[in-house]
Amino acid sequence: MDGARTRGQTAALDAIAAMIRGQTAPHAILLVGPDGVGKTTLALDLAAGLLCEADPQRRPCRSCRACRMVEHDGHPDLHRLGPAGPGRQVVIGGPEARYRGVRDVIAELALMPVEGRARVAIVEGAERMNEDAQSALLKTLEEPPTGVVIVLCADQETRLLPTVRSRCARIRLGLVGSRDIEAIVADHDLADPPLAARLGRLAAGRPGLALAYARAPEAVLIRAELSRVLLDLTGTGSAARLAAVRSAIPRAIALAAALTGGDDGQPGARPTRRRGRAVPAGAAPAAGNDPEDGATDDPDDGRGRLVPASERRRAAEIVVALWADVARDLALVGAGGGRSVRDPVLLEELTAAAAAVDPEAVARFLDRAARGAELLASNVSPELLLDSLALAWPRRRAAA
Ligand SMILES: [Zn+2]
């Protein structure tokens with residue numbers, strides 16, 4: 001499938017190519033895989049292939065009118081939906097609702113195709129549909145209108161109702177190799193070769209993350225700064241550690257904002273908010289004055305701005321993931337594997353720290369960080385979790 005934008009997902013691409021060639025795509029497809037591995041890109045490859053006007057063997061051709069409309073997110077028979085708003089949920093929607101949701105897509109799919117061929121709906125972050133939204137979609141999954149293909153993209157399929165999952169043909173996507181990620185960054189013409197190579201490693205198998213970093217050079221800087229802060233904590237006492245993780249939260253929020261470009265992520269060119277003030281493209285979502293934020297009694301971000309709980313949780317997730325990366329690199333360098341560290345920029349500091357900490361303490365910390373990441377998905381306080389990690393972080397032995 002020469003026209004595919006997806007790279008490094010051979011099995012998944014083969015499955016999609018067979019659906020396009022055979023013209024027998026299932027009516028509902030579930031793309032499952034970690035965040036940033038390319039589920040949306042693959043869904044768009046499938047959409048382009050199904051809507052393309054070229055000879056079946058050449059689909060998607062990437063040059064016909066239909067392919068170009070898919071590429072520019074303007075095909076009238078391609079309906080996209082994704083998480084919206086401060087809670088980043090895929091909402092149920094409907095004519096009176098604040099954000100576009102499942103009901104809106106269902107209503108669109110009930111109409112005739114504009115171009116007279118297939119119609120494709122893509123739901124990103126499908127695991128972020130609550131039960132009502134999933135139930136609303138279920139009926140369409142059970143009895144889809146003719147020619148309709150619904151593609152659900154999900155990081156965690158266990159959050160989907162069993163009845164929803166059982167209606168879908170499942171395609172799994174795995175982590176992508178660093179060389180493929182490097183090539184994807186190069187395809188987008190976003191970074192010079194050395195930076196593309198660095199991002200290929202930093203992204204740890206997720207081309208979507210590499211592209212986000214490539215589009216936001218300041219995010220690469222903040223990431224390195226935060227990694228260095230965490231690494232330096234091996235040489236400090238408890239009070240300094242607790243203070244440092246508290247100040248890491250606003251930096252992680254800045255990192256998240258840089259990586260998302262400040263939007264709230266709903267795909268498609270349609271306006272995100274239906275009522276009230278429209279959010280200009282690229283503007284940071286208003287926080288603290290939105291009744292859906294639950295922001296009223298939340299801590300501020302150090303500059304007096306109230307930070308919604310969802311944002312603090314995301315920030316803590318970023319810190320925990322970075323921390324695990326630093327710990328993994330520390331363990332690698334300690335075991336003599338310095339050439340495979342995630343970010344070579346820190347190699348010197350990593351080498352010094354690795355010589356002074358107990359490798360077993362690093363291994364124990366990695367377990368705790370993994371458990372911490374799971375706890376964050378439940379309702380644990382982000383601040384308390386970071387505090388406990390700060391105290392568990394290995395300490396350097398005093399120099400002899
Ligand atoms: Zn085409």
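**Close-up views of the predicted model**

View 1. In helix α15 (residues 382-392), the buried positions are Pro-382, Leu-385, Leu-386, Leu-389 and Ala-390. A residue is buried if 20 or more other C-beta atoms lie within 10 Å of its own, exposed if 12 or fewer, and partly exposed in between, with C-beta atoms placed from the backbone. Helices (H or I, at least four residues) and strands (E, at least two) are DSSP runs, numbered from the N terminus. The model is predicted: local features need pLDDT of at least 70, side-chain atom pairs count only at pLDDT 80 or more, and totals for chains, interfaces and linings use all residues. Residues are numbered from 1 along each chain as its sequence is written. Viewed down the axis of α15, the buried residues fall within an arc of 140°, so they line one face of the helix; the arc is that of the directions from the helix axis to the C-beta atoms. The face turned away from this buried side carries the exposed residues Leu-384 and Leu-391. Among the elements covering the buried residues of α15 are α11 (238-260), α12 and α14 (359-377).

**View 2. The largest nonpolar core.** This core holds 113 residues, of which Ala-47, Val-151 and Ala-210 touch the most other members. A nonpolar core is a set of buried Ala, Val, Leu, Ile, Met, Phe, Trp, Tyr and Cys residues joined through C-beta atoms within 7 Å. Helix α12 (residues 309-334) gives the most to the core, with 12 residues. At least three core residues come from each of domain 1 (10-172) and domain 2 (216-264 + 303-400), the bounds being taken from an automatic or database domain assignment. Leaving aside neighbours within four places in sequence, Ala-47 is in contact with Val-70, Leu-78, Val-120 and Ile-122; contact requires C-beta atoms, placed from the backbone, to lie within 7 Å.

View 3. An open sheet is formed by 5 strands in the order β2-β3-β4-β1-β5, with parallel pairing. Two strands pair if DSSP finds at least two bridges between them. Strands β2 (78-81) and β5 (169-172) stand at the edges with a single partner strand each, so one side of each is left without a neighbour in the sheet. From one strand to the next, the twist averages 15°. Strands β3 (residues 119-123) and β4 (residues 148-154) pair in the parallel sense over 5 bridges, and Arg-119 stands opposite Val-148 in β4. Helix α2 (residues 39-51) packs on the sheet, touching β1 (28-32), β2, β3 and β4, and its direction makes about 170° with that of β4. Axes are lines fitted to C-alpha atoms, for helices over the stretch in contact, and angles run from 0 to 180 degrees between N-to-C directions.

**View 4. Backbone features in two loops.** The loop between α2 and α3 (65-71) contains Pro-60, and the peptide bond from Arg-59 to Pro-60 is cis, with omega near -10°. Arg-62 is placed in the loop between α2 and α3 and has a positive phi of about 70° although it is not a glycine. Arg-62 is partly exposed, with 18 other C-beta atoms within 10 Å. In the loop between α8 (193-202) and α9 (207-215) lies Ala-204, a residue other than glycine with a positive phi near 50°. Ala-204 counts as partly exposed, with 19 C-beta neighbours inside 10 Å.

Technical notes
Contact = placed C-beta atoms within 7 Å.
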